[in-house]
Structure formats: C-alpha cells, structure tokens
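Here's a quick briefing for anyone opening this one up for the first time. Have a look at the picture, then read on.

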Amino acid sequence: MALLSIQGLTKDYKTGKVITKALRGIDLEIAEGEFLSIAGPSGSGKTTLLNIIGCLDVPTSGKVSLNGTDLADLSNKARAELRKDSIGFVFQSFNLIPVLTAFENVEIPLILLKWSKRKRKETVEQLLIDVGLKDYIYRRPNEMSGGQQQRVAIARALIKEPKLVLADEPTANLDSTTGMETLELMKELNKKKDTTFVFSTHDKMVMDFADRLILLKDGKVSSDTGTRNTPSTKPGK
Amino acid sequence: MLFKLAIRNVFRHTRRTLITAVAIGVGLMFMIMIDSMFGGMENQTVRNILETDNSELVVYPAGVFEDRFLFPLDTLIEDASAMSAELEQKYPDVISATPRLRFAVFAIGPEAELFALGMGIDPQKDADVFQLQNYIDEGRFLAADGDLVIGSGLAKELNVGLGDPILVQTRSRRGVMDVREYEITGIVNTSNPVINRNAIFISLAEAQVILEAPGAASEINLHVKGKPKDTDRLNILGSGISEDLGASYETYTWRDLNAGMFEIAGQKQSVGFFIAFIVIVIALVGIVNTMLLSIYERIPELGTMRAMGFSKGNIRWMMLMEGSVIGFFGGLFGVVLGLVVVILFTEVGFDMTPLLGTYEMPYPMSFVMRGEYNFGYMAFVFFLGWIISTVITLIPARKATRIEPSEALRST
C-alpha cells in the first residue's frame, strides 16, 4: 500500500474576488521509503502541494490519504496530532527557534511526544552527532552557519522517526557545496531509517539527485520519472 | 518547555520588555502610593481628632447631636463630673472620661477680633483622654482658673502672643453677655489645624461660671480600650452606655462625629483610585501592544511550531506565560518602587505648606502629609498586576492561535 495517495487534488486561493487555482487536479502515489523531488517553476503549486500533504492546509477538493487515513476527515486537532506523530518538516529558511539551542530545537518534538528527559538527551545528542554537529549541540542558531542550521532542522524533522519528511526547497538558502552535503545527509538518513522524503525544488542539481522526480506545471503533474537510480555520491566525483 | 520558551522570548527584546514592565510597575506604584497617602491621611486625621477634639466615644444630651456645632447651652449634661466618674467606674472598657463644655466665643485682641471655639476643660481629667498638654508650644497648659491657652493659628490671626491680654466675649446660658479679660498663659500648636486656628481653652470651672452653667458640660469624652478603628466594638459599647444612661443621653463614636469628613475623604480616595486605574489600563494596553508586536515578528516561528505539532492550546499557554512573566516583573518593580515611595512618604513626609500657603485645611490634619505601610495592599497590588497582565494577554494570544500554519510559513 502507498504511504501517500492523492486523487483529484485541487486547491483554490481566493484573494478578494480573484480566485487563483494553485492545484488543478493532482493524482499521485508515493511509496514508503521514497526519496522524491517535486520540481517546477515558481507558482507551479509545489509548496501548496507540500502544505496539503503535511496537513498544514486543506484541499478545495480531492482526496489525500496518509497511511490509509483520509486527511479530509481530520479535525484541526487531529491534523496537529498527525503532524506531531508522523510528519517532519524541513524549511527553506531552516525556521529554527532562535532562542533555543540546537539541542533544544531538536528536543521539542520529543517533548511534545512526552519522552522522558533521559531518553531525550541520549537520542538528541546522538542524532546531532550523526548529522555532524557534535561541536554545535549547545549553540544557538545565530552561532551557526546556514548549512549547520539546516542540519539541525533535518535532525529536528527526523528525531521522532516520522514516516514522512517534507522539505520545502531545503537547499535554496545554501551554497551548492553545502546544499549537496545536505542532500547527501537526507539521502543517507532515508536509506538508514527508510524514511520517506518529499522535497520541493527548482534547482537542477537537486532534481538530478532525487530517486523520483515529479514536475509540476500550472498546478498539474506534467511529468513523473518514477523511481530511478541516482548517484549516491556527489556529482562529478 | 513552554515556560522556558516564554522566558527566553520575553527577554529576546529586553528593552521592550523592560519598558512594558516599567509601565505596569509605574501604574501599580501609583496605586500603592495613593493607598499609602490616603491611609496615612486617615491615620493622621484619626490620631489628630482623638488627641485633641473628640475621644473614641462621646456622650451627648439627647437631641443636640445635629446642632452640636451651634453650641446649644440650653441642653447640657448637668453634673457632668459625677457622670464621668460613674462611667469610668461602671465600664471596665472605659479607661478614662472627661467632660468638655463648648461655647461660641468672640475673641478680641489688641488689633483684631475673630469668632472662635471656646472650650472649658478639666485640665487633669482632660489630660487622661486627650494629648493637648503635649502640644504646648509656648507657656504652660492650663494650671489654674483664669489661665487661657490659645491655638497657635488663632493667636497668629489675632496677632497676640504669650502674656498678651485678650478679651473673651460670650453669652451665658441665660443670654447675658459676658466679656472677660485674660492673659494668654499658653499657646498650643497641635497637628490638628482646626484646633490651632479656632480654639481657646479655659478651665471647665471657669467656663461653667461664665456660662452660668454650674457643674454642666456639653459632652463627656470617653477614652476606651482597643483600637479606635474597631468601630463595631465601639458601637456595641456605645449602645450599652446609651441604654444604661436612658433616653436623655446619646452616645456617638468618633467616626459618627466626623462622618461627613470621612465621606469626602472617601470620595477623594475613589478619584485617586480611578486615576490609578487609568494608569494601569494604559500599562495594560502597553502589554497587549508588546505582545502583539512580538507575535507579528514571530509569525513564521509560530507557523513552524504549529507544523511541528504544537496545538493551539500550547501556543496560547506560551503567550499567556510570556504576558505573565512581563506582569510578574512589572508587579515586582511596581511594589519595589511603591515601597520606596511609601518609605519616603512615611518616614520623611511630604510638606504641603509651600503648596497650600495659608489655605485653611478643612480636615484636622497637619500640612506635612505622611503615608502608611500597608503590606497587605502591596501584596494585593502585586498579584493584581500579575494576574491582570496574564489575563489581558488572552487578547494577543487569541491572535496567535488564529494564525494558520500554512499562511505563517508563507511569510518566512
């Protein structure tokens, strides 16, 4: 069974009397453990699609099922619960909480899941070491580089071992080397933990890196490569 | 975790937080200051009344209470000394009793003449109830018949001093005009301006002769055990005495005798508290504004938190805690600032003489205003500031919980 199933998904935004059709009927199935990129030009509906998949927004019509649960049937509270339990987010601007250290930022999802303090400490420290931030565990975001902050954000998304991680242009604010390092880290975690990664991008390098590439144009899927073999190391090496 | 986040968020903009906390603190400080000021005024007024004018309980002949300021001589307590002695003996709660005979006087000095309040007092017994003897500025307290003690303000108005002659004109009980010359043997300067500016004291025996009222007095002042402000207890004792004395006499507490004055003071106090309330409202608008600013700055952050699974309730609690932290520090600051002001007010006092000049205070209190310590009220004000600051944050918190995560993340 697919982890994520999307059928006839549309989303309209109304600004005054103007209706903007962000998604115009998307049909998609994403299997568990996929490393998938949704690409397309600005305004093609990438972020809208990720928001709906991530229970941050509701569709105008169509059906979205995550692990068999129809998202349309969920209340606001239930959607928040689903996000808390099953979905991790990585954002273009990292979106770390500036007043918290790397450790505390990563710890938040576990606090929400009511893990014990001792278990939280062990797990968070280990994951931050795994993502290469051993020396930055107790630093605040403003004491870290963009790449380091994005690593913290990835650790925060993965700490609760969610079924699905959604990343909205995760490399857009990073230089190409750091961006590639971030992608490799995501790929490594995808393989190690079998976590499904869905990320949006309009960066060619990122598109090439994904196992599966879905192209969106004017709110519709214009092409889907299906699962393909991709390089597991940096291109050019 | 929410508390840790709230604390750190509050101090993310230390200056803004401090300004808001200071605004709340200043509002609360005003409340404490006004309470201390009015409390101090009331205490001083009560003390001044009790030390010089009326005792805790006063026995009057029936029917004269309403007209007591007209000093009616037709209805007096006859054989007042005997009644005083009886009351002292009969009631264990009565520490001492003294008769006073009040009468209208036209005081004539060498250069000026003024209407004044004449008071015949028993120098020995009076000293057991009142404190006039402790306020003699010049000369001596009444020692013999023929002595006259004058209030310092009245002496000044009449331009007379110690040893100067003064004519006292009055009308006796039978309506006979009497004018006598006295030598001023004492000048009294109490903390009660009403006494200072109006009173002339002579011995009770002398007054009884002038007024042709042998053995009589206008009132009997009873100094009783316990706190003067415990008017419930005074009322019970007073009712008992009135009942025992029969229908010819009535007993009033010091508060009954000065009810009008305390009513005006109460109204002024309400105005004072209203001003303090306005100041606090302004401070609370400040906290709402600060919190709203903080929310608008953190929209993407709040969106991220919602995306991570923070519920609306979590966000609301975090905001309430932030308001609560600001309110706590505002409350603390207000109490500390208020305490400093109250200490200054109480220990040093506020001399109003330069402000009032020769203005005649309608209350028996001195021109140096002093506060009082009211730690219970300070604690109340602290908790009030803290709780209201927390509750008022519900308004911006509502705004924060209404932020849709997808909208919030779009503004990243």
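In which crossing, left-handed or right-handed, does helix 5 of chain A pass helix 6 of chain A? The crossing is right-handed. Keep in mind that this is a predicted model.

**How the two helices pack**
- Helix 5 of chain A covers residues 146-158 and helix 6 of chain A covers residues 176-193; their axes come within 10 Å and cross at roughly 20°.
- Angles under 35 degrees count as roughly parallel, so helix 5 of chain A and helix 6 of chain A are roughly parallel to each other.
- On the helix 5 side of chain A, the residues that meet helix 6 of chain A are G146(A), G147(A), Q150(A), R151(A), I154(A) and L158(A).
- Helix 6 of chain A answers with T178(A), E181(A), T182(A), L185(A), M186(A) and L189(A).
- Sorted by class, this contact has five nonpolar, five polar and two charged residues.

- Chain A has a mean pLDDT of 87, with 95% of its residues at 70 or more.
- Confidence in chain A is highest in helix 3 (residues 102-112), at a mean of 93, and lowest in helix 6, at 84.
- Over residues 232-237 of chain A, pLDDT stays under 50, and the model has four contacts beyond four places in sequence for them.

**Where chain B touches chain A**
- Here 17 residues of chain B are in contact with 19 residues of chain A.
- Helix 1 (2-10), helix 11 (299-308) and helix 16 (405-410) of chain B each supply at least two residues of the chain B side.
- Helix 11 of chain B gives the largest share of that side, five residues.
- By class, the chain B side has eight nonpolar, six polar and three charged residues.

Terms used
Residues numbered from 1 in each chain as written. Chains lettered and ligands numbered in written order. Predicted model: local features only at pLDDT ≥ 70, side-chain atom pairs only at ≥ 80, totals over all residues. Axes fitted to C-alpha atoms, helices over the stretch in contact; angles between N-to-C directions. Helix = DSSP H or I, 4+ residues; strand = E, 2+ residues; numbered from the N terminus. Parallel < 35°, antiparallel > 145°, perpendicular 65-115°, else oblique. Left-handed = near helix turned anticlockwise from the far one by under 90°. Contact = placed C-beta atoms within 7 Å. Nonpolar A, V, L, I, M, F, W, Y, C, P; charged D, E, K, R; others polar. pLDDT = per-residue confidence, 0-100.
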